[in-house]
Amino acid sequence: MYKNVYLKRGKEESLKRFHPWVFSGAIQQIEGEPEEGEVVRVLTAEGDFIAVGHWQIGSIAVRVLDFEDRDIDEDYWKRRLQVAYDMRRAIGVASGKGNDTYRLVHGEGDGLPGLVVDVYGKTAVMQAHSVGMHCARHEVAGAVVGVTCGAVENVYYKSETTLPFKADLGQENGFIIGGSRDDVAVENGLKFHIDWLKGQKTGFFVDQRDNRSLLERYAKGRTVLNMFCYTGGFSVYAMRGGAASVHSVDSSSKAVDLTRANVELNFPGDARHEAYAEDAFKFLDAMDSRYDLIVLDPPAFAKHKDALRQALKGYTRLNAKAFSKIRPGGILFTFSCSQVVSKDNFRTAVFTAAAQSGRKVRILHQLHQPADHPVNIYHPEGEYLKGLVLYVE
Ligand code: SAH
């Protein structure tokens with residue numbers, strides 16, 4: 001039987017609206033001493049059941065798994081993973097036709113706070129952000145393989161850097177089901193090496209798939225700069241789209257090597273591509289005005305609310321450099337993946353940059369994360385990726 005956690009009077013309001021977090025300050029009393037990662041039941045001060053979820057020490061004390069009073073057992077994981085997989089099939093990313101790269105579980109967006117699962121061909125990379133999901137990893141991994149009916153054979157568990165440090169779990173990355181050296185996955189017909197061993201996040205930024213496709217449509221005959229290229233996702237799409245030339249830049253030489261390898265994988269010996277390991281700001285300062293399609297997809301400038309002001313300044317500074325150098329008639333794809341930077345914040349930062357440059361700028365598209373990174377309507381904080389496509393006169 002799960003231990004009960006009682007809320008302070010009136011603190012159940014957000015849970016009644018299905019928000020999936022219980023903050024530690026809302027708790028009145030805890031029955032017994034639950035271990036971190038244990039499943040607990042959440043009740044109102046009056047003793048009415050509200051939710052069941054994972055217990056953890058910290059400001060978010062419970063991450064809700066269900067608003068019905070049920071056991072969190074093997075059957076629960078199977079059903080939840082089945083729902084997630086069916087949705088990916090319904091939106092066409094998990095059909096296997098020309099695309100085997102997609103996000104199968106997107107945390108709160110799939111009602112599974114603390115869990116991320118990305119699929120790369122026959123291998124799923126699973127990341128736990130909570131102790132509870134860590135404790136459930138074997139059941140989750142089994143369910144991933146089960147629901148995909150053999151499409152996924154291997155599960156790599158990659159939570160060394162995402163689990164709370166203080167929980168001291170000593171977790172090491174590695175396969176928990178199967179094992180494979182085949183690191184090539186297919187996104188919209190393009191091939192990518194996925195470095196799940198050492199790469200950032202789960203090894204690839206699956207969330208830019210649709211935005212890369214859009215860029216492909218604008219690439220024909222253009223001179224493209226892909227700034228913050230990482231694995232070269234945007235570069236490879238630009239090349240397929242018929243770009244005249246593509247320059248990829250990242251401050252990490254490993255990222256530049258990955259980009260080169262991915263371009264080579266799809267367009268062997270193609271002289272249109274060049275890659276540079278350089279700092280973005282330095283590169284933008286030194287470059288001439290040759291580019292007429294620029295992508296700016298930087299890492300999150302703000303990881304916390306306190307850093308918001310500085311981050312907005314950073315986005316303005318970065319975009320101002322691109323506005324000042326982009327060729328007349330150029331197109332700028334500019335992004336922010338900081339969760340704490342709202343769509344309006346970001347737009348204001350880019351607007352300020354445009355005004356500083358004095359260029360005439362029109363918004364062509366407003367971009368966001370793709371459908372396999374859904375936003376739980378009761379957890380709007382889950383909306384993190386935003387982008388603008390701009391026409392610069
Ligand atoms: N556009 C990529 C994802 C970018 S992730 C994609 O589609 O997959 C952000 C990248 O920015 C990382 O690879 C990181 O190495 C790089 N980066 C961070 N700071 C940088 C800087 N100052 N200059 C250039 N690159 C930087």
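Domain bounds here come from an automatic or database domain assignment. On that basis the protein is divided into domain 1 (3–66), domain 2 (74–188) and domain 3 (205–392). The C-alpha centres of domain 1 and domain 3 lie 40 Å apart.

The model is predicted, with local features needing pLDDT of at least 70, side-chain atom pairs counted only at pLDDT 80 or more, and totals for chains, interfaces and linings using all residues. Residues are numbered from 1 along each chain as its sequence is written, and side-chain values use heavy atoms, without hydrogens and water.

**Sheet**

Helices (H or I, at least four residues) and strands (E, at least two) are DSSP runs, numbered from the N terminus. Two strands pair if DSSP finds at least two bridges between them. Seven strands form an open sheet with mixed pairing, in the order β16-β15-β14-β17-β18-β20-β19. The edges are β16 (273–277) and β19 (361–368); each has a single partner strand, so one side of each lacks a neighbour in the sheet. From one strand to the next the twist averages 15°, where angles run from 0 to 180 degrees between N-to-C directions and axes are lines fitted to C-alpha atoms, for helices over the stretch in contact.

β14 (residues 223–227) and β15 (residues 245–250) pair in the parallel sense over five bridges. Val224 has Val246 in β15 as its bridge partner.

**Helices on the sheet**

Contact means heavy atoms within 4.5 Å. Helix α7 lies across β15 and β16 and runs at about 170° to β16. Helix α10 (residues 343–357) also packs on the sheet, where it touches β18 (330–336), β19 and β20 (386–392), and its direction makes about 25° with that of β20.

**Helix pairs**

| Pair | Axis distance | Angle |
|---|---|---|
| α6 (residues 233–240) and α7 (residues 253–266) | 9 Å apart | about 30° |
| α9 (residues 308–325) and α10 | within 8 Å | roughly 40° |

Angles under 35 degrees count as roughly parallel, over 145 as roughly antiparallel, 65 to 115 as roughly perpendicular and the rest as oblique. Ser235, Val236 and Met239 of α6 meet Thr259, Asn262, Val263 and Asn266 of α7. This contact of α6 with α7 holds three nonpolar, four polar and no charged residues; Ala, Val, Leu, Ile, Met, Phe, Trp, Tyr, Cys and Pro count as nonpolar, Asp, Glu, Lys and Arg as charged, and the others, Gly among them, as polar.

α9 and α10 are oblique to each other. Residues in their contact include Leu308, Leu312 and Phe323 of α9, and Phe346, Ala349 and Val350 of α10. By class, the contact of α9 with α10 has ten nonpolar, seven polar and no charged residues.
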